[in-house]
Amino acid sequence: MGRGNEWWESVKIGGGAAPIETDEGWLLFYHGVSGTCNGFVYSIGGAILDIDNPSKVKYRCQNFLLTPEQWYEERGFVPNVCFPCATLQDNASGRIAIYYGAADSYVGLAFTELDDIVKYIKDNSVVNDSDTEIGRR
């Protein structure tokens, strides 16, 4: 999976929490970086990777899922950062907890539901030609 064409991941992308296995494929929360006149902004995005060939992106969210908006995400050692670090999934309820770094000074915690986030990513997907190639980027 390479850098996307969307503004919020136009500088670079990178890993985040370990992927979660779903019926649709591997659910991946990753970070995208954009450049502004005030420096870089790190936002959290979501993608679903092929279960057998994770280098192939099936769905990739056009929009960020979380971007710095709260004071603890905007102010800190490295300002304007939301960086996914870990997830916990409750299989019985489908609830996912996403632990994320906020401005490299705090730890944030966001919640979502598996079915909701998979549906959102699929409904708002933009996949590039290079995303569907199997292999290393």
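Colleague: How many positive and negative side chains does the protein have, and how far apart do the centres of the two sets lie?

Modeller: This is a predicted model, so read every value as computed from it. The protein has 11 positive and 19 negative side chains. The centres of these two sets lie 5 Å apart.

Colleague: Which elements make up the protein, and in what pattern along the sequence?

Modeller: There are 2 helices and 8 strands. Read along the sequence, the pattern is β-β-β-β-β-α-β-β-β-α.

Colleague: What does the radius of gyration say about the protein?

Modeller: The value is set against what a compact globule of 137 residues would have, which is near 14 Å. The protein has 14 Å, so the two agree. Along the principal axes, the C-alpha trace spans about 40 × 35 × 25 Å.

Colleague: What share of the residues counts as buried?

Modeller: Buried means under 20% relative accessible area. Of the 137 residues, 39% count as buried. The accessible surface comes to about 7,500 Å², and 49% of that surface belongs to carbon and sulfur atoms.

Colleague: Take one residue. Is valine 41 buried or exposed?

Modeller: Valine 41 has 14% relative accessibility, and therefore counts as buried. Valine 41 is found in strand β4, which covers residues 39-49.

Colleague: Which residues is valine 41 in contact with, leaving aside neighbours within four places in sequence?

Modeller: The contacts of valine 41 are Gly32, Val33, Ser34, Thr36, Thr67, Pro68 and Asn80. Separation in sequence and distance in space can also be read for a pair: valine 41 and tryptophan 8 are 33 residues apart in sequence, and their C-alpha atoms are 7.8 Å apart.

Colleague: What share of the contacts joins residues at least 24 apart?

Modeller: Counting contacts between residues at least 6 apart in sequence, 51% join residues at least 24 apart.

Colleague: Now a helix. Which residues of α2 are buried?

Modeller: In α2, residues 114-123, the buried residues are Leu114, Ile117, Val118 and Ile121. Seen down the axis of α2, these fall within an arc of 100°, so they line one face of the helix.

Colleague: Which exposed residues does the face turned away from the buried side carry?

Modeller: That face of α2 carries Asp115, Asp116, Lys119 and Asp123.

Colleague: And what covers the buried residues of α2?

Modeller: The cover includes β3 (26-36), β4, β5 (57-60), β6 (82-90), β7 (95-102) and β8 (106-113). Strand β4 is also where valine 41 is found.

Technical notes:
Residues are numbered from 1 along each chain as its sequence is written. This is a predicted model: local features need pLDDT of at least 70, side-chain atom pairs count only at pLDDT 80 or more; totals for chains, interfaces and linings use all residues. Side-chain values use heavy atoms; hydrogens and water are left out. Helices (H or I, at least four residues) and strands (E, at least two) are DSSP runs, numbered from the N terminus. The radius of gyration is taken over C-alpha atoms; the globule rule is 2.2 Å times the number of residues to the power 0.38. Buried means under 20% relative accessible area, exposed over 50%, partly exposed in between (1.4 Å probe, protein chains only). Contact means heavy atoms within 4.5 Å. Accessible areas come from the Shrake-Rupley method with a 1.4 Å probe; for residues, only the protein chains shown count as cover. Lys and Arg count as positive and Asp and Glu as negative; His and the chain ends are not counted. The place of a charge is taken as NZ of Lys, CZ of Arg, CG of Asp or CD of Glu. The arc is that of the directions from the helix axis to the C-beta atoms.
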